Amino acid sequence: MTLHDIANRLSHVTWRDETFMAQCPAHEDRKPSLSGSTGKEDERVLLYCQAGCATDAVLSAMGLTYPDLYPSPRTVTTPT
């Protein structure tokens, strides 16, 4: 999944460049505390709840797993 795919599953999302803030689905969040961005060396999605929710809890509340934080494998074709 991409960063935008993850953000589309959340509420009250605001963007700043290629980083978002949103309401954390793992707790009753009145002010957006979940940040999302991509890793510097790859395109995996990084999530951080500033209220202290574990990434496991955030993913579970979204119906996702850790592999969902990585982009879909790219298919490489070799010429024959």
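# Calls and cut-offs in a predicted model

User: What makes Glu28 and Arg30 a salt bridge?

Analyst: This is a predicted model, and in it the closest N and O atoms of Glu28 and Arg30 are 3.5 Å apart. The cut-off is 4 Å between a side-chain nitrogen of Lys or Arg and a carboxyl oxygen of Asp or Glu, so the pair qualifies. By this rule the count for the structure comes to 1 salt bridge.

User: Are the two partners, Glu28 and Arg30, buried or exposed?

Analyst: Exposed means over 50% relative accessible area. Glu28 has 66%, so Glu28 is exposed. Arg30 has 74%, so Arg30 is exposed as well.

User: How do you know whether Cys24 is buried or exposed?

Analyst: Its relative accessible area is 3%. Buried means under 20%, so Cys24 is buried.

User: What makes Trp15 and Phe20 an edge-to-face pair?

Analyst: The ring centres are 5.5 Å apart, and the limit for a pair is 6.5 Å, so the rings pair. The planes stand at 70°, and over 60 degrees counts as edge-to-face, so that is the label. The structure holds 1 aromatic pair.

User: Why is Trp15 called partly exposed, and what is Phe20 called?

Analyst: Trp15 has 36% relative accessibility, which falls between the 20% and 50% limits, so Trp15 is partly exposed. Phe20 has 0%, under the 20% limit, and is therefore buried. Contacts of Phe20 beyond its neighbours within four places in sequence include Leu3, Ile6, Leu10, Trp15, Leu34 and Leu47.

User: Which residues have the most contacts inside the largest nonpolar core?

Analyst: They are Ile6, Leu10, Phe20, Leu34, Leu47 and Val58, in a core of 16 residues. Helix 1 (3-7), strand 2 (19-22), strand 4 (45-49) and helix 2 (55-62) each give two or more residues to this core.

User: Why is Leu34 called buried?

Analyst: Leu34, in strand 3, has 0% relative accessibility, under the 20% limit, so Leu34 is buried. Leaving aside neighbours within four places in sequence, Leu34 is in contact with Leu10, Phe20, Leu47 and Val58, among others. Leu34 and Val58 are 24 residues apart in sequence, with their C-alpha atoms 8.9 Å apart in space.

User: What makes strand 3 and strand 4 a pair?

Analyst: Pairing requires at least two bridges, and these strands have 5 in the antiparallel sense, so they pair. Thr38 stands opposite Val45 in strand 4. The hairpin joining strand 3 to strand 4 runs through 6 residues.

User: Why is Ser33 called buried?

Analyst: At 9% relative accessibility, Ser33 is under the 20% limit and therefore buried. Ser33 is found in the loop between strand 2 and strand 3 (34-38). Not counting residues up to four places away in sequence, Ser33 touches residues including Met21, Cys24, His27, Tyr48 and Cys49.

Key: Residues numbered from 1 in each chain as written. Predicted model: local features only at pLDDT ≥ 70, side-chain atom pairs only at ≥ 80, totals over all residues. Heavy atoms only, no water. Buried < 20%, exposed > 50% of the residue type's maximum accessible area, 1.4 Å probe, protein only. Core = buried A, V, L, I, M, F, W, Y, C linked by side-chain atoms within 4.5 Å. Helix = DSSP H or I, 4+ residues; strand = E, 2+ residues; numbered from the N terminus. Contact = heavy atoms within 4.5 Å. Phe/Tyr/Trp six-rings, centres within 6.5 Å; stacked < 30°, edge-to-face > 60°.
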